[in-house]
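Visitor: Please zoom in on one packing contact for me and tell me who touches whom. Then follow it into whatever surrounds it.

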Amino acid sequence: NMIQVSQSYGAVKEILPIYPWVYGLILAILVGLVMIGGIHRIGQVAGTIVPVMCVLYVVAALWILLINFNAIPGAIATIFQQAFSPEAVEGGIIGVIVQGFKRSTFSNEAGVGSAAIAHSAAKTDRPIKEGLVALLEPFIDTVVICNMTALVIVITNVWNNPEYEAIRKAEQGAALTSKAFGSQISWFPILLSISVFLFAFSTMISWSYYAERAWEYLFSERSLIVYRILFVIAVFIGAIAEPKSVINFGDATFFAMALFNMLGMYFLTNKVLEDLNDYQNYLKQPKL
């Protein structure tokens, strides 16, 4: 949550001269209002803004890739060359792999166990169907959107431009993406800032629901007001904190979640396979 707030602020400050505490206060109020409405309000808001932000972002990325179509093979080759070069990042190839796992987990939550909390609230006669729907998330987030972003950054040569070295070291991904898109579409940083804001806002309200369910399980429903106040405060802190510190904290908490979730997934593998086979047999049966 704090990572998304920090990244969102990093993009917005590229075009708006705004104080971090003002931005954080506005976000905290908006998130608090949505949280009061519960899961139905969260679902309505996320269901409205997520498709919009995805369409805006993908269309702009496709446009840049199409006008630079001839540079795509070279960009892909550069990505592989840099990823497997001995000098890649500070930790060599192992460092690249570790960084890749960290960022991909942040992108799609695969293996963390958080998205399952939202999917478990869906009404369905066969839970395995919802699990198959959940498989689309990593594909859209990482395979489509993240790969398109990477290609745009490489094609525009923002990734190795000394002018943006400070942004890269601070791990301000949204700001770096803004520079890449802005070099091709002059007005796009404004649209990107709106898109990143929607990404961040939808992530915050989604994670507010995840943590709310965990809090209720641990401390009962009567104390949810305490959790909601703490969450809104965390939103504010995320806007004023140093981005790199926030990202490192988020990576650590993701690892802690994934450790226990992956252990549980290992013990439930046979059960999932059994349900999948049962569903496949159901699909093969003739329908009356």
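Guide: Let's start with handedness: a crossing is right-handed if the near helix is turned clockwise from the far one by less than a right angle, and left-handed if anticlockwise. By that rule, α2 makes a right-handed crossing with α12. Keep in mind that this is a predicted model, where local features need pLDDT of at least 70, side-chain atom pairs count only at pLDDT 80 or more, and totals for chains, interfaces and linings use all residues. Numbering runs from 1 along each chain as its sequence is written, and side-chain values use heavy atoms, leaving out hydrogens and water.

Now the geometry of our pair. Helix α2 covers residues 20-36 and helix α12 covers residues 224-240; their axes come within 8 Å and cross at roughly 150°. That makes α2 roughly antiparallel to α12 (angles over 145 degrees count as roughly antiparallel, under 35 as roughly parallel, 65 to 115 as roughly perpendicular, the rest as oblique). The axes are lines fitted to C-alpha atoms over the stretch in contact, with angles from 0 to 180 degrees between N-to-C directions.

So who touches whom, with contact meaning heavy atoms within 4.5 Å? From α2, the residues include Trp21, Tyr23, Leu27, Val31 and Met35, and on the α12 side Tyr227, Arg228, Phe231, Val235 and Phe236 are among them. Sorted by class, this contact has 15 nonpolar, two polar and one charged residues (Ala, Val, Leu, Ile, Met, Phe, Trp, Tyr, Cys and Pro are nonpolar; Asp, Glu, Lys and Arg charged; the others, Gly among them, polar).

A core here is a set of buried Ala, Val, Leu, Ile, Met, Phe, Trp, Tyr and Cys residues joined through side-chain atoms within 4.5 Å, with buried meaning under 20% relative accessible area, exposed over 50%, and partly exposed in between (1.4 Å probe, protein chains only). As for Phe181, its partners are Tyr57, Ala60, Ala61, Ile64, Val152 and Phe188, leaving aside residues up to four places away in sequence.

Of its 288 residues, 37% count as buried.

Terms used:
Helices (H or I, at least four residues) and strands (E, at least two) are DSSP runs, numbered from the N terminus. Contact means heavy atoms within 4.5 Å.
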